[in-house]
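Hello,

Here is the structure I said I would pass on. My notes on it follow below.

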Amino acid sequence: MGNENLITDKIYRQIMAIRDSGTCNMFDLPRVQEEAYKMGFYELVVFLNEHKKEYAEFILTGKR
């Protein structure tokens with residue numbers, strides 16, 4: 001079982017939207033959560049609270 005079950009298409013799109021905005025370093029988790037909240041990406045805020053390791057692996061490797 002890999003990260004593909006955790007990083008859904010919706011979470012993926014939300015991560016990419018924050019990345020593409022260029023507003024923060026994607027490794028600065030509190031800042032990413034703040035941006036997610038501002039953008040109404042509440043699913044991503046919860047995901048980041050519960051799956052920090054999987055998020056970091058995704059950011060490092062790009063593999064879902």
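Ile-11 counts as buried, at 7% relative accessibility, where buried means under 20% relative accessible area, exposed over 50% and partly exposed in between, with a 1.4 Å probe and protein chains only. Ile-11 belongs to helix α1; helices (H or I, at least four residues) and strands (E, at least two) are DSSP runs, numbered from the N terminus. Setting aside neighbours within four places in sequence, Ile-11 is in contact with Glu-43, Leu-44 and Phe-47, contact meaning heavy atoms within 4.5 Å. Ile-11 and Leu-29, by comparison, are 18 residues apart in sequence, and their C-alpha atoms are 15 Å apart in space.

Before going on, the ground rules. This is a predicted model, in which local features need pLDDT of at least 70 and side-chain atom pairs count only at pLDDT 80 or more, while totals for chains, interfaces and linings use all residues. Residues are numbered from 1 along each chain as its sequence is written, and side-chain values use heavy atoms, with hydrogens and water left out.

Back to helix α1. The buried residues of this helix are Ile-11, Gln-14, Ile-15, Met-16 and Ile-18. They pack against α2 (29–38), α3 (42–50) and α4 (52–61). Helix α1 covers residues 9–21, and its 13 residues should span 18 Å at 1.5 Å a residue; the expected span is 1.5 Å times one less than the number of residues. The end C-alpha atoms are 18 Å apart, which agrees. After α1 comes Gly-22, with a positive phi near 70°. In the segment before α1 sits Thr-8, which counts as partly exposed because its relative accessibility is 35%. The C-alpha atoms of Thr-8 and Arg-64 are separated by 8.4 Å, although the two are 56 residues apart along the chain.

Glu-35 is found in α2 and is buried, its relative accessible area being 8%. Beyond its neighbours within four places in sequence, Glu-35 is in contact with Ile-18, Thr-23 and Cys-24. Ile-18 is itself one of the buried residues of α1. Gln-33 also has its place in helix α2 and is buried, with a relative accessible area of 18%. With neighbours within four places again left aside, Gln-33 is in contact with Val-45, Leu-48 and Asn-49.

Now the chain as a whole. The secondary structure comes to four helices and zero strands, and from the N terminus on the elements run α-α-α-α. For 64 residues, a compact globule would have a radius of gyration near 11 Å, and the chain has 11 Å, which agrees; the radius is taken over C-alpha atoms, and the globule rule is 2.2 Å times the number of residues to the power 0.38. The C-alpha trace spans about 30 × 20 × 15 Å along its principal axes. Of the 64 residues, 36% count as buried. Among contacts between residues at least 6 apart in sequence, 53% join residues at least 24 apart.

Last, surface and charge. The accessible surface comes to about 4,100 Å², and 53% of it belongs to carbon and sulfur atoms. The chain has 9 positive and 10 negative side chains, with Lys and Arg counted as positive, Asp and Glu as negative, and His and the chain ends not counted. The centres of the two sets lie 2 Å apart, each charge being placed at NZ of Lys, CZ of Arg, CG of Asp or CD of Glu.

Regards

Note on methods. Areas by Shrake-Rupley, 256 points an atom, 1.4 Å probe, with all protein chains shown as cover.
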